Amino acid sequence: MYYSDQNLTVIIAITNSFNWILEDIIFENEINNVAQKSELTANWFEEKKSDLEIYANTQVVQYGSWQEKLNYLDGELQKRENNYFFFFIADQNGDYSTTIERAAGNISDRNYFNQVLNGKTVISEPVISKSTDKPIIVIASPIAAENLSLLGATIEIKDLSSYINRYTSNKEGIYSFLINGQGNIVAHPDQKNLNSHLFYNYSSFFDYEYNFIKNIIHKEQGNLTFRENEKEKHAFYQTIPGTESWKEKNYISVRLESMILRSLMTVLAMMQGIKF
């Protein structure tokens, strides 16, 4: 079909306006999406903390023997095998046993240890498990019995990454990851090159420097556009309530462009039926 110069000018103008509108809609949707996901993640963390507080206040955990405690927790773990990696109990000196291994070592050097003994239920930064050498986060709560101690549950980083990406598709160029208040990666779907010493540093996941991370760690929410390998990418972020400034980020590399391209094709198809 033949278009005059005037007709083509109108088509281009309509297409550009349509693309701008569509881009605004997509950006607004993604801003709302990451806000909703961060709220869901916060609720998920709070559920885990509540779990630990309930377990820590049971009679068997407070007053049972080591073996009775571990038997009880092992049974609970079997019921909730998709929730936790393993449970552990540590005494006031940091010596601990897990549902995997008795007398597993000492955790008094962990940053969360003293916080819990001071009465706080916490979610730790990523750590390498002393029992399994796997990257984990720890949810821990005090056991308020005669001898102060703590109950902990672990979640593998890979499971945390799966949770935050349960509604995304990396095949479409979309995925979510978490960063902490220092700008380090807490969870990311791609862990094939995971390094046990630097596993939550961005260099463990990306071949290029994520310069923008340092610009967002002090902001509550927002979005940004940047270039990677000569391609424009988009990221949307939101602070997760109840965390130490952890942020959830949605990363888009394909979807925006492909949707705009489809919109252009739709407009051109519609123009076939317009007479000038």
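## Basis

Residues are numbered from 1 along each chain as its sequence is written, and side-chain values use heavy atoms, without hydrogens and water. In this predicted model, local features need pLDDT of at least 70 and side-chain atom pairs count only at pLDDT 80 or more, while totals for chains, interfaces and linings use all residues.

## Aromatic pairs

Rings of Phe, Tyr and Trp (its six-membered ring) pair if their centres lie within 6.5 Å; planes under 30 degrees apart count as stacked, over 60 as edge-to-face and the rest as tilted. The count comes to nine aromatic pairs. Tyr84 and Phe87 have ring centres 5.3 Å apart and planes at 45 degrees, so this pair is tilted. Phe88 and Tyr96 pair edge-to-face, at 5.7 Å centre to centre and 70 degrees between the planes.

Tyr84 and Phe87 are buried (under 20% relative accessible area, 1.4 Å probe, protein chains only). Phe88 and Tyr96 are buried too. One aromatic cluster is formed by Trp44, Phe45, Tyr163 and Trp246.

## Charges over rings

A charge sits over a ring if NZ of Lys or CZ of Arg is within 6 Å of the ring centre and within 35 degrees of the ring normal. Lys48 has its charged end over the ring of Tyr84, 5.0 Å from the centre. Lys69 lies over the face of Trp66, 5.9 Å from the ring centre.

## Around Ser141

Ser141 is in strand β6, residues 135-143 (strands are DSSP runs of E, at least two residues, numbered from the N terminus). Its relative accessibility is 2%, so Ser141 counts as buried.

Key:
Buried < 20%, exposed > 50% of the residue type's maximum accessible area, 1.4 Å probe, protein only. Helix = DSSP H or I, 4+ residues; strand = E, 2+ residues; numbered from the N terminus.
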